[in-house]
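This report describes a two-chain model, from its confidence to its fold and contacts. Please view the sequence and structure before reading on.

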Amino acid sequence: MTAFFDILIGGVFHAAVLFLVAAGLQLVFGVQKIVNLACGSFYALGAYFGVSAVKWALGAGVPIPLFLPVLLASGVLVGLIGPAIEALLRTVYHRDEAFQLLLTFALVLMFQDVLRFFWGANPHELGNVSMEYGKVAIGAVQVPTYNVLVIAASIVIALGLGAFLQRTRFGRILRATAENREMSQALGVNVNWMYTVVFTLGTILGTVSGALVVPTAAASLDMPVELVVEAFAVVVIGGLGSMRGALAGALIVGLLRALAIRYYAELEMLAIYLVVIAVLIARPAGLLGKPIE
Amino acid sequence: MRLAFAIFAFVALAAVPKLASPYYVTLVLPAIAYAIALLGFNLLFGYTGLLSFGHALFVAIGAYGAAVLSSKLGLKSFEMILLISGLAAVAAAIPVGLLSVRYVRIFFGILTLAFGMLFHSFLFKFYNLTGGDTGIRVLRPTLLGMDFKELDKTAFLIGPFYYYCLALLVVLGLAMWRIVHSPFGLHLAAARENPRKAEYLGVRVRLFRLIAFLISAFYCAVGGVILGINTGQADPELAYWTHSGELVFMTVLGGFANFFGPLIGAFSFIFLKSELMGVTQYWRFFLGVTLVLIVVLFPRGLAGIGEDAWSRAARKARRS
């Protein structure tokens, strides 16, 4: 029973983080049709910036229990680099996908050294501030309250995102633009502005998830390139462009990883790739994606 | 003009060990390896229009093939190593290709990326078989049965091995030239430009894409064998997705629309990287900047810049 809850909580925690990054990927792919390899770099940027922000805040006399809001705020703040990146990507919207993918690959390379320049090659961590919130008992196991809070935060963000896309006027226009760019432009939608907003939102989702994860795992230079593969796995399993797909994919990848790590560590990532390949063979569009032409 | 370029490049490369310091010769060797790999890669990317983000998989198969054959099975013949590793890559490419060529564009890219990473995590995690993150040593092979015992490692690499690889590049380059100018190559281009129309006209699009995939896997494996022998080590980083990204980078840097583009790309990338690494520890940043400039301003790559300069000069010459 303990093992079951361990895997469940560990898997869901990982899924919560992955979902945020994958949601950012989906949003950008859905509207701009760009697969952003740099999503992992945003995640790492959020993590590094979060460490620095919390250390600075604690140094400035902010009480320790307030570190979670500080992290969230820092994640949102650093995500505001989005418009600058989008301005660069704008140069290739009308070009072949290969160029778009390569441009985001260039961003991966550049961010790698930007992170190294500001934070050095050594991993950065927050020590055990996350233990400040204590532990709660879930079923038979003691879980750090912080992890539960992150899961809760991710659920709140997911619901908020869903409401934003489904219920608000802006969300409706956004979905219409994703559906048919020319038509919405003809109907007077400012597509450029829309793209900037969407890309920034995607960036913020990435940086916030990085900031949220950093109390439990050190920020390191391996983060960007490792996470991007997992995020890819999530969106491919769930279906490119689908938000519900991102949720389903994140849960599958998160739980699968937790299972594999516990029972057969060699299989950790291998299991995920096998599922990705199986899904692409059986359902090329992903579990919840729209069929591809 | 193309022939002149090819002959000039060959003469220059043949002269490198005589003129340049050993350090630069050891740089040219991986560039030759990448040039061979990219000849195959560009058959798939430039001519067939399929962008793979997982071809490092086949480079890794080549390097690991050389490692396993030379240090575990005691096979020393370079020719046999090339043949067996190349065929192993083709064998692996059959299932991967069959599954991947059902898709085009971004899905093809993601699927190949997943296969590449599958192999990477296999190499990384199954320590007993693959040596994990340290990999397997690649021992010095014999060339045409000669073992060159009297030469030390560097002398061997920049001497006989260098010329052997250069000859390989020429032979494989000529073979690729034949392939892309054959009816098969034209079928590929037709399928790239308009797959549906090509299908109507009787082009068996998927089969041809698969064959292009297999050929590209073979070329990448040959490149991988040379890389492995050059560094004396096969490690899992060779299969990592960023390495696949570098293959794409080199191809676009040189220009994928030109037959010689990938070759130019391989050489410029290796030298740019080594020069940048010598100047700054932040070389990745400047590589990224280069890639941005190429993608945004010169999508036809260095070969495109060269072509434009050539035709401008030719026009000026005609006018005067």
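What is the mean pLDDT of chain B, and what percentage of its residues reach 70 or more? The mean is 84, and 99% of the residues of chain B reach 70 or more; pLDDT is the predictor's confidence in each residue, from 0 to 100. This is a predicted model, in which local features need pLDDT of at least 70, side-chain atom pairs count only at pLDDT 80 or more, and totals for chains, interfaces and linings use all residues. Residues are numbered from 1 along each chain as its sequence is written, while chains are lettered from A and ligands numbered from 1 in the order in which they are written. The model scores are ipTM 0.84 and pTM 0.86.

| Helix of chain B | Residues | Mean pLDDT |
|---|---|---|
| α6(B), lowest | residues 127-130 | 73 |
| α10(B), highest | residues 205-231 | 90 |

**Fold of chain A**

Chain A has 12 helices and two strands, in the order α-α-α-α-α-β-β-α-α-α-α-α-α-α from the N terminus. Its radius of gyration, taken over C-alpha atoms, is 19 Å, close to the 19 Å from the globule rule for 293 residues, so chain A is as compact as a globular protein of that length. The rule is 2.2 Å times the number of residues to the power 0.38.

Strands β1(A) (residues 135-138) and β2(A) (residues 141-144) pair in the antiparallel sense over four bridges; pairing requires at least two bridges found by DSSP. A137(A) stands opposite Q142(A). Two residues separate the strands of this hairpin, and G139(A) in the turn has a positive phi of about 60 degrees.

Not counting residues up to four places away in sequence, L102(A) touches V248(B), F249(B), V252(B), L291(B) and V295(B).

Technical notes. Two residues are in contact if their C-beta atoms, placed from the backbone, lie within 7 Å.
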